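Please read the following account with the sequence and the model side by side.

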Amino acid sequence: MSSYDGIIIGAGHNALILQSYLGKAGLKVLCVERRHVAGGGLSTVEDPRHPGFLHNTHAFFQRAITTMPWYADLELERHGARYIEPELNVALLTSDGRSLEWWTDIAKTVESFAQFNQRDAATLKRWQHEFVPIVQEFLTPESRRPPLPPAERRAMLERSAAGRRLLDVSALSPLEFVDTEFEHPAVKAGLLFFNGLREVDLRVKGFGHHIAALLASPAKAQMCRGGSAALARALEASVRATGGDIRLLTEPARIVVENGRAVGVETSEGEVIRARQFVASSLNPTQTFVDLLDEALVPREIRDHVARFQYNLLAPLFALHLNLREPPRYAAATQNPALDKAFMVIMGLDDSAQFHDIVRHHEAGTIPPTVMWGACPTIFDSTQAPAGMHAAFMWEKLPYRLNGDPASWDAARDAHGAEMLKLWTQHAPNLEGAVISSFTRSPLDVERELPNMREGDLLVGAFTNDQVGFNRPFPGAGQYRTHIPQLYLCGSSSHPGGNVTGLPGYNAAQVILTDLGLRAA
Ligand SMILES: Cc1cc2nc3c(=O)[nH]c(=O)nc-3n(C[C@H](O)[C@H](O)[C@H](O)COP(=O)(O)OP(=O)(O)OC[C@H]3O[C@@H](n4cnc5c(N)ncnc54)[C@H](O)[C@@H]3O)c2cc1C
């Protein structure tokens with residue numbers, strides 16, 4: 001029987017970050033992972049039909065990774081990670097051949113917005129300016145520490161003018177914010193898409209500050225050289241350097257609880273691995289509290305919370321991946337050559353009114369007219385394809401329950417990929433002769449590969465239903481501690497939520513170290 005100080009379930013980036021911090025503090029920690037590879041959503045796969053073509057099948061655009069505290073603390077560059085931050089960070093290609101652009105330099109972004117609407121450009125600048133101190137003083141710090149109880153947070157914010165401003169703006173929904181502040185339909189659509197739709201339900205009050213905060217944040221989209229999995233390899237190297245073990249192809253069947261404390265896991269093969277000080281789960285609440293704990297150990301109230309836990313209706317993604325002879329060459333680049341180096345490219349979106357249609361389709365389980373976004377990583381990093389060749393992808397938000405049943409995706413997948421390629425080729429006509437081959441991945445494929453992303457929700461839990469901050473995933477488990485002593489949460493179902501931020505793992509490390517009377521090394 002093996003024994004460790006602690007065991008972490010699932011080896012996504014949050015788990016590996018937690019494991020590294022605890023290893024640095026002198027603990028011997030094991031991570032158990034059901035797949036053959038660690039990293040979870042940090043996944044880069046080689047196309048088996050075309051060696052050398054690499055595809056990032058989950059997370060690709062990573063926001064401001066190089067500014068994250070763990071990136072420096074864990075010395076990830078020494079362990080091999082390298083990031084690229086293209087200057088033309090995002091371009092929305094409108095159907096009339098223009099482009100709305102977000103640059104790493106805000107002055108250039110304002111210039112691009114001014115070509116659509118002068119007043120909107122001035123409004124953008126004003127909000128960006130006003131929110132810089134709010135982001136610095138409140139929003140960034142609160143994402144990097146265990147969340148405060150809501151009443152305490154409100155009282156803290158009410159003490160300053162900037163805090164009160166944040167409370168006022170966040171009382172709106174993103175849709176209300178944009179409708180009140182901006183005029184041009186493409187500007188509104190672009191702001192909602194880039195700064196909102198990908199994370200939160202645009203209709204929900206409480207997120208009105210999101211757009212201004214993202215404009216003001218230093219967090220631009222970055223990509224990892226060699227593919228997203230290269231960050232996972234750097235994290236694994238950091239885990240090993242701190243004495244940690246990672247066991248792949250190991251699925252826990254149950255969390256072992258003795259005398260009311262979590263003391264290990266039993267694998268699906270019947271092996272018991274003991275943990276002297278803690279067990280942490282990076283999985284979703286259903287997996288942790290229903291699948292892995294005996295029913296008798298989970299009080300009725302917690303079971304009810306888990307049953308009510310909601311996944312994002314609008315988060316599931318459909319992906320089209322291409323192996324290419326040359327990069328997509330956008331028609332709009334003949335007028336604006338900067339577009340040849342655009343990082344994230346959005347197509348099919350002209351008007352914020354399209355969002356209502358997208359939501360309606362998601363609710364009905366049908367496919368809306370295509371709005372898609374993606375990149376050609378090999379423009380910036382030639383290591384992700386054979387010499388002279390390129391790999392590219394587009395994502396689209398599509399319902400998990402297609403026509404009421406996720407299994408419908410298996411038959412519908414490739415036909416939908418062909419529709420996306422049609423739109424892509426309208427904007428980049430050279431794709432007509434450039435495609436060597438393609439493949440698609442549906443929201444169901446995402447859940448099959450990473451079952452913690454239930455219903456294809458890549459954020460592992462909606463930001464609605466009061467599932468934010470102190471109440472994420474639900475009241476009583478919102479500070480990474482659960483109702484069972486020595487059992488913790490550390491994945492995207494905890495504050496501040498999904499995407500590659502590493503902050504749930506980083507914050508869980510602070511809580512566990514505090515409970516164990518240890519300090520981060
Ligand atoms: C198509 C797609 C595109 C995305 N694009 C982006 C993007 O551009 N930018 C961004 O920031 N984020 C993106 N994301 C989201 C991002 O990948 C996730 O939010 C992030 O990976 C969550 O990290 P995590 O550490 O919480 O969990 P995960 O990365 O999901 O890791 C969880 C780990 O637990 C393992 N596991 C699951 N069940 C069990 C079990 N029963 N026993 C043991 N192990 C288990 C999984 O195999 C996995 O390794 C995307 C996701 C998808 C699907």
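Strand E12, which covers residues 261-267, is mostly covered, with five of its seven residues buried, where buried means under 20% relative accessible area, exposed means over 50% and partly exposed lies in between, as judged with a 1.4 Å probe and protein chains only. Strands here, like helices, are DSSP runs numbered from the N terminus, a helix (H or I) having at least four residues and a strand (E) at least two. This is a predicted model, in which local features need pLDDT of at least 70 and side-chain atom pairs count only at pLDDT 80 or more, while totals for chains, interfaces and linings use all residues. Residues are numbered from 1 along each chain as its sequence is written, and side-chain values use heavy atoms, with hydrogens and water left out.

In the hairpin of E12 and E13, four residues lie between the strands, and Gly270 takes a positive phi near 90°.

Elsewhere, three strands form an open sheet in the order E5-E9-E6, with antiparallel pairing. Its edge strands are E5 (62-63) and E6 (83-84), each of which pairs on one side only. E6 is joined to strand E9 (residues 221-224) by two bridges, the two strands running antiparallel, and Ile84 stands opposite Met223 in E9.

These strands belong to a chain that has 17 helices and 19 strands. How does its overall extent compare with that of a compact globule? For 521 residues such a globule would have a radius of gyration near 24 Å, and the 23 Å of the chain agrees with this; the radius is taken over C-alpha atoms, and the globule rule is 2.2 Å times the number of residues to the power 0.38. The C-alpha trace spans about 70 × 60 × 45 Å along its principal axes, and buried residues make up 60% of the 521 residues. Of the contacts with a separation of 6 or more, 73% are between residues 24 or more positions apart, a contact being heavy atoms within 4.5 Å.

Glu142 lies in helix H4 (residues 118-143) and is buried, because its relative accessible area is 16%. Leaving out residues up to four places away in sequence, Glu142 touches Arg153 and His495. The C-alpha atom of Glu142 is separated by 35 Å from that of Gly348, which is 206 residues apart from Glu142 along the chain. His427 lies in helix H14 (residues 409-427) and counts as buried, because its relative accessibility is 15%. Apart from neighbours within four places in sequence, His427 is in contact with Leu93, Thr94, Arg329, Tyr330, Ala331 and Met347.

Technical notes
Pairing = 2+ DSSP bridges.
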